[in-house]
Amino acid sequence: MAAGRLRNENSNGLCWVGGILASVLGVLILYRLVARKRRRNGRECVKRMRTAKDEESRSVNENGGGDFDVIVVGAGVAGSALAYTLGKDGRRVHVIERDLSEPDRIVGELLQPGGYLKLIELGLEDCVEKIDAQQVFGYALFKDGRNTRLSYPLEMFSSDVSGRSFHNGRFIQKMREKAATLPNVQLEQGTVTSLLEDNGTVKGIQYKTRTGQELTAYAPLTVVCDGCFSNLRRSLCDPKVDVPSCFVGLVLENCNLPYANHGHVILADPSPILFYPISSTEVRCLVDVPGQKVPSISNGEMANYLKTVVAPQVPPEILDAFVAAVDRGNMRTMPNRSMPAIPHPTPGALLMGDAFNMRHPLTGGGMTVALSDIVVLRDLLRPLRNLNDAPALCRYLESFYTLRKPVASTINTLAGALHKVFCASPDEARKEMRQACFDYLCLGGLFSTGPISLLSGLNPRPLSLVLHFFAVAIYGVGRLLLPFPSPKRIWIGFRLISGASGIIFPIIRAEGVRQMFFPATVPAYYRAPPVK
């Protein structure tokens, strides 16, 4: 009986312990359920907060604010220089470039002295250091066995001021690196696919990253600098692109040009040939081929053309190096484009560089125009604290198109006119104009320093250009009429003047007569910065 009572007490004790354990376990389970619910509610709360924050950020960005003041599309010469310039002024700049590896081009290798002065003004002069850049002090001109040297008028400048020639890719990489040193400048590799517009105002861009992810970026001002092949300019300008010729590019190795540290222009038949140093051991040769079709490189037609047509007109000092370069076969071609600046002022966006304005590369003026444009834009934007009023900013920046004209129109007009004059022609009047131009430059003094100062960007005066151009034409007519004029010579002289007018006046018309010669009469010239 005692044993039975003991078994009952043990059974009750076990039940009591089991009950306690069950209660504790229940409490633990309840606690875990409550904790899990709290964590879930917390995560949902954080998610709601993040979503709200993202929506707020997206709303801010779509209204033109956000993390950046300016988006720059393209990081070539214009884009890199602009990014550094605006970043140095305190702007937050987002640069998107299709390919951030070093470019390999056959143009954009000669910076005129006027462009180098702009480089100094922008604080980028050290970008031509440590890339084996060569100083250029002028040009040598060759025609029919005669030659003359045309020196830049650099007497009024310090000794470091001259032209510079270099590998284009090395120069661009130096500028990209310098822009990237600024904490408020962000360089990103990506392909911009479109501009984002809202009621006629550009708010930003849509682009693909290097991994293929599609993103959008917003800023009050988007500057399109994506080069001569721009796919964004159609909505921002009226692109009237002309391709008068193509360049065939070669590199001559370990040869000495007849005139050291000079560009060389051979007035060959059918069109000019250029030589200039791009490093201490390399010389760039650019053969101008008229029209849009060039002989095929793959089947040997190009090599045959260069050896049979071009080589006999190359100066003997560099003939062997030229033939050796042809035999190596590393030839590249590029169409030479020209396009006048015909902008469609658009709130929130601006075009610059070759995307906006191109000229024949014969005179090497493209980078000078681009750098000069950046100086003009920088000075216009400096008084503005923010860029958020897109319509007011667009109206204010209409002055940019007028203020850039003295430099841009002078270099553009000279490039187009010189290419047409320097190309051979069976027409007697064109032949006389070509010979008159060569002989005029051979006169020296004002007759050579005047035109070379225009070409170098040191004297950006359109009127001076027109005066020298028609002085060449009148000089050619005078040579025809002296000592005894004949009806045939008088007729050729008349056609010479008519041909000269037919060369230069269409270019001037495309540039804009009023903006080119009378900019002070354009209302936008006097635009004041927006009050806000």
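In which handedness of crossing does α2 pass α7? The crossing is right-handed; a crossing has this hand if the near helix is turned clockwise from the far one by less than a right angle, and is left-handed if anticlockwise. The model is predicted, with local features requiring pLDDT of at least 70 and side-chain atom pairs counting only at pLDDT 80 or more, while totals for chains, interfaces and linings use all residues. Residues are numbered from 1 along each chain as its sequence is written, and side-chain values use heavy atoms, with hydrogens and water left out.

**Helix packing**

- Helix α2 (residues 77-88) and helix α7 (residues 366-381) have axes that come within 10 Å and cross at roughly 25°.
- This angle makes α2 roughly parallel to α7, a class that covers angles under 35 degrees; over 145 is roughly antiparallel, 65 to 115 roughly perpendicular and the rest oblique.
- Axes are lines fitted to C-alpha atoms, for helices over the stretch in contact, and angles run from 0 to 180 degrees between N-to-C directions.
- Helices (H or I, at least four residues) and strands (E, at least two) are DSSP runs numbered from the N terminus.

**Salt bridges**

- The count comes to 19 salt bridges, each defined as a side-chain nitrogen of Lys or Arg within 4 Å of a carboxyl oxygen of Asp or Glu.
- Arginine 92 and aspartate 69 form a salt bridge through their side chains, at 2.8 Å from N to O. Arginine 92 lies in the loop between α2 and β2 (93-97) and aspartate 69 in the loop between α1 (2-62) and β1 (70-73), so the pair ties together parts that are 23 residues apart in sequence.
- Aspartate 69 is buried at 16% relative accessible area, whereas arginine 92 is partly exposed at 35%. Buried means under 20% relative accessible area, exposed over 50% and partly exposed in between (1.4 Å probe, protein chains only).
- Aspartate 89 and arginine 382 meet in a salt bridge of 3.1 Å, N to O. Because aspartate 89 lies in the loop between α2 and β2 and arginine 382 in the loop between α7 and α8, the pair ties together parts that are 293 residues apart in sequence.
- Lysine 178 pairs with aspartate 126 in a salt bridge, with the closest N and O atoms 2.9 Å apart. Lysine 178 lies in helix α4 (residues 168-180) and aspartate 126 in the loop between α3 (113-121) and β4 (134-136), so parts 52 residues apart in sequence are tied together.
- Lysine 178 is buried, with 19% relative accessible area, and aspartate 126 is partly exposed, with 31%.
- A network of salt bridges links Lys118, Glu121, Arg378 and Asp379.

**Backbone geometry**

- Most residues other than glycine have a negative phi, and most peptide bonds are trans.
- Aspartate 269 and proline 270 are joined by a cis peptide bond with omega of about 20°; proline 270 lies in the loop between β13 (263-266) and β14 (273-277).
- Leucine 482 and proline 483 are also joined by a cis peptide bond, with omega of about 0°; proline 483 is in the loop between α12 (462-481) and α13 (487-511).
- Lysine 130 has a positive phi near 60° and lies in the loop between α3 and β4, where lysine 130 is exposed at 81% relative accessible area.
- Aspartate 132 has a positive phi of about 60° and is placed in the loop between α3 and β4.
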